[in-house]
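Hi,

Here is the structure I promised to pass on to you. Have a look at it first, and then read on for what turned up in it.

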Amino acid sequence: MMITRKVQPPVGKPIVLIAEELSPATIDALGPDFEVKNCDGANRAELLAALAAGVDAVLIRSATKMDAEAIAVARGLKVIARAGVGVDNVDIPAATAAGIMVVNAPTSNIVSAAELAIALLLASARFVSPANAALRNGKWARSKYTGAELFEKTLGVVGFGKIGQLVTARMQAFGMNVVAYDPYLLPARAAQLGVRLVELDELLRISDFITIHLPKTKETANLIGVDALTKVKPSVRIINAARGGVLDEEALYNALVEGRVAGAGLDVFATEPCTDSPLFALDQVVATPHLGASTDEAQERAGIAVALSVRKALSGELVPDALNVKGGAIHEDIRPSLPLVEKMAQIATIIAGELPTSLDVEVRGDISGHDSSVLATSVLKGALLAVGAESVTYVNAPGLAAQRGMNSSVTTNPESPEYRSMISLRAALPDGRSIVVDGTLMGIRRVEKIIAINGFDLDLPPTEHLLFLQYSDRPGVVGAVGGIIGAAGINIAGMQVARSEAGGEALMALNIDSALSSEIMAKLAHETGADLVRTVTLVS
């Protein structure tokens with residue numbers, strides 16, 4: 001079995017398309033290694049034309065729609081970077097199928113978002129927006145706009161993540177009592193922050209102010225809707241600076257008009273941009289056009305964060321903030337194992353002569369204490385590359401493998417008698433056979449080595465071109481192999497022979513300077529009588 005690498009001609013710098021206005025610090029964070037182009041991502045025709053021209057990464061905010069159509073025309077696109085938190089405007093399944101990494105900046109705007117939620121809460125409590133408008137129109141309407149204090153009132157926080165916790169800390173300084181609804185938070189963590197966890201119905205019933213801090217999902221869509229708004233105090237004020245669609249806008253309007261809710265502060269809407277809503281006609285409502293992340297500080301943090309992610313992604317690294325790559329943050333002791341495991345999977349697959357049905361990785365020794373789950377994706381990627389699959393990435397490898405009926409797993413074992421750390425890969429084949437490849441990283445420089453194949457001990461660097469022969473041990477085979485390869489004008493950089501016993505089965509492994517033709521392979525098999533002859537060209 002022979003795999004040849006497609007050699008691409010030299011190309012210029014990777015192209016990064018900036019589709020929306022980002023802070024100058026974003027460009028600085030990208031550095032000089034990229035060609036930067038700009039377009040108006042809100043202009044559909046301009047966006048599609050820019051993507052079709054060929055880009056490696058695109059940086060967007062909320063106005064650019066990276067849907068299936070945009071992804072389909074973006075040949076060569078490797079990264080979609082959202083300079084912010086939400087990715088409602090990115091078709092993540094389409095990006096994943098295309099092998100495109102999607103990254104965001106999940107913590108860039110949390111302070112700004114929390115502060116805006118508080119601003120809306122205060123503005124709603126004191127009728128700041130309508131009172132300001134009245135005064136500008138020449139009306140001194142003090143008696144009309146009597147508000148409510150926050151002191152000793154109950155604030156209900158729906159969604160007690162990072163932003164909800166920031167809001168809580170600040171509102172506790174106002175003397176508010178805080179309760180929270182979050183089915184995924186441990187009560188002990190809430191207690192540490194001086195907050196009581198309650199069910200949603202209780203929160204609705206007892207809160208004087210409610211602030212929403214949830215993503216929009218199938219489970220949270222219209223969570224605060226018709227039914228919920230029948231359970232609240234008529235004096236309640238509701239704030240939504242999280243995601244449109246979590247709060248049912250029609251139900252809110254009816255509750256405000258009927259006096260079942262006292263006020264609302266809104267920064268997000270089910271459909272955006274939203275410039276025409278019956279809610280805007282109500283004095284009880286203060287509204288802003290999705291300004292949660294619109295501070296200089298948040299934009300700078302978001303731009304820098306995604307620029308750094310783009311740099312990592314385009315240099316071949318995995319990105320902790322990638323939304324569609326399994327494995328999350330990768331420990332520095334695990335990261336060097338990713339390319340080694342890919343190569344081990346390629347070797348196992350090519351020696352097998354077919355795609356495995358399963359690839360089981362065992363991580364042993366010192367590195368077994370770290371999260372190594374990402375290696376399950378590494379082996380899938382390696383096996384797919386070995387059978388000639390194109391455009392395989394850590395993003396789409398699991399899906400491509402599933403289509404071919406292939407799965408993978410990772411286990412750990414602290415015991416490693418011969419090496420401080422090692423990795424063992426067992427590739428199970430459809431006919432019940434298995435191929436086992438062991439590898440390690442040696443020394444301070446973490447040099448990659450294949451240390452065994454099917455129990456034959458080796459000390460083999462996984463260079464670009466490898467040759468394996470398995471045969472019955474007898475005199476003359478080494479000379480025959482050297483003669484055939486030498487006659488073909490191909491240099492042998494290294495040769496090892498491992499055997500079970502004298503006269504038993506033997507495995508020969510060679511590092512060679514170039515790939516072998518099918519004619520040379522056939523001659524090797526004929527002259528040596530080898531049961532197995534495989535040439536491997538490792539693909540990065």
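Let me begin with a salt bridge: the side chains of Lys78 and Asp56 come together with N and O 2.7 Å apart. This pair links distant parts of the chain, 22 residues apart. Lys78 sits in the loop between helix H3 (68-73) and strand S4 (79-82), while Asp56 belongs to the loop between helix H2 (44-52) and strand S3 (57-60). Lys78 is partly exposed, at 41% relative accessibility, whereas Asp56, at 16%, counts as buried. Please keep in mind that this is a predicted model.

**Other salt bridges**

The structure holds 17 salt bridges. Another of them joins the side chains of Glu342 and Lys381, at 3.1 Å from N to O. Here too the pair links distant parts of the chain, with Glu342 in helix H12 and Lys381 in helix H13 (residues 375-386), 39 residues apart. Are these two partners buried or exposed? Glu342 is buried, because its relative accessible area is 9%, and Lys381 is buried as well, at 11%.

Arg433 forms a salt bridge with Asp431, and their closest N and O atoms are 2.7 Å apart. Arg433 is partly exposed, with a relative accessible area of 37%. There is also a network: Arg44, Asp67 and Glu69 are joined by salt bridges that share partners.

Next, an open sheet. Six strands build it in the order S14-S13-S15-S16-S17-S18, with mixed pairing. Its edge strands are S14 (407-413) and S18 (456-460), each of which pairs on one side only. On average, neighbouring strands in this sheet are turned by 20° against each other, direction ignored. Strand S13 (residues 358-365) pairs with S14 in the parallel sense, over seven bridges, and Asp360 stands opposite Ser409 in S14.

Helix H12 (residues 337-352), the one that carries Glu342, lies across three strands: S15 (421-428), S16 (434-442) and S17 (447-453). Relative to S16, helix H12 runs at about 155°.

**A buried valine**

Which residues does Val261 touch? Leaving aside residues up to four places away in sequence, its contacts are Leu229, Val232, Pro234, Val236, Ile238, Leu252, Ala255 and Leu256. Val261 lies in the loop between helix H10 (249-257) and strand S11 (263-266), and Val261 is buried, with a relative accessible area of 2%. Gly303, by contrast, is 39 Å from Val261 in space, C-alpha to C-alpha, and 42 residues from Val261 in sequence.

**Aromatic pairs**

The count of aromatic pairs comes to two. In the pair of Phe127 and Tyr145, the ring centres are 5.8 Å apart and the planes stand at 40°, so the pair is tilted. Phe127 is in the loop between helix H5 (110-125) and helix H6 (128-136), and Tyr145 is in the loop between H6 and strand S6 (154-158), 18 residues apart. Both Phe127 and Tyr145 are buried.

The other pair is Phe269 and Phe280, with ring centres 5.6 Å apart and planes at 90°, so this pair is edge-to-face. Both residues lie in the loop between S11 and strand S12 (285-287), so the pair ties together parts eleven residues apart in sequence. Phe269 is buried, at 6% relative accessible area, while Phe280 is partly exposed, at 35%.

Note on methods: Residues numbered from 1 in each chain as written. Predicted model: local features only at pLDDT ≥ 70, side-chain atom pairs only at ≥ 80, totals over all residues. Heavy atoms only, no water. Pairing = 2+ DSSP bridges. Helix = DSSP H or I, 4+ residues; strand = E, 2+ residues; numbered from the N terminus. Axes fitted to C-alpha atoms, helices over the stretch in contact; angles between N-to-C directions. Contact = heavy atoms within 4.5 Å. Buried < 20%, exposed > 50% of the residue type's maximum accessible area, 1.4 Å probe, protein only. Salt bridge = Lys/Arg side-chain N within 4 Å of Asp/Glu carboxyl O. Phe/Tyr/Trp six-rings, centres within 6.5 Å; stacked < 30°, edge-to-face > 60°.
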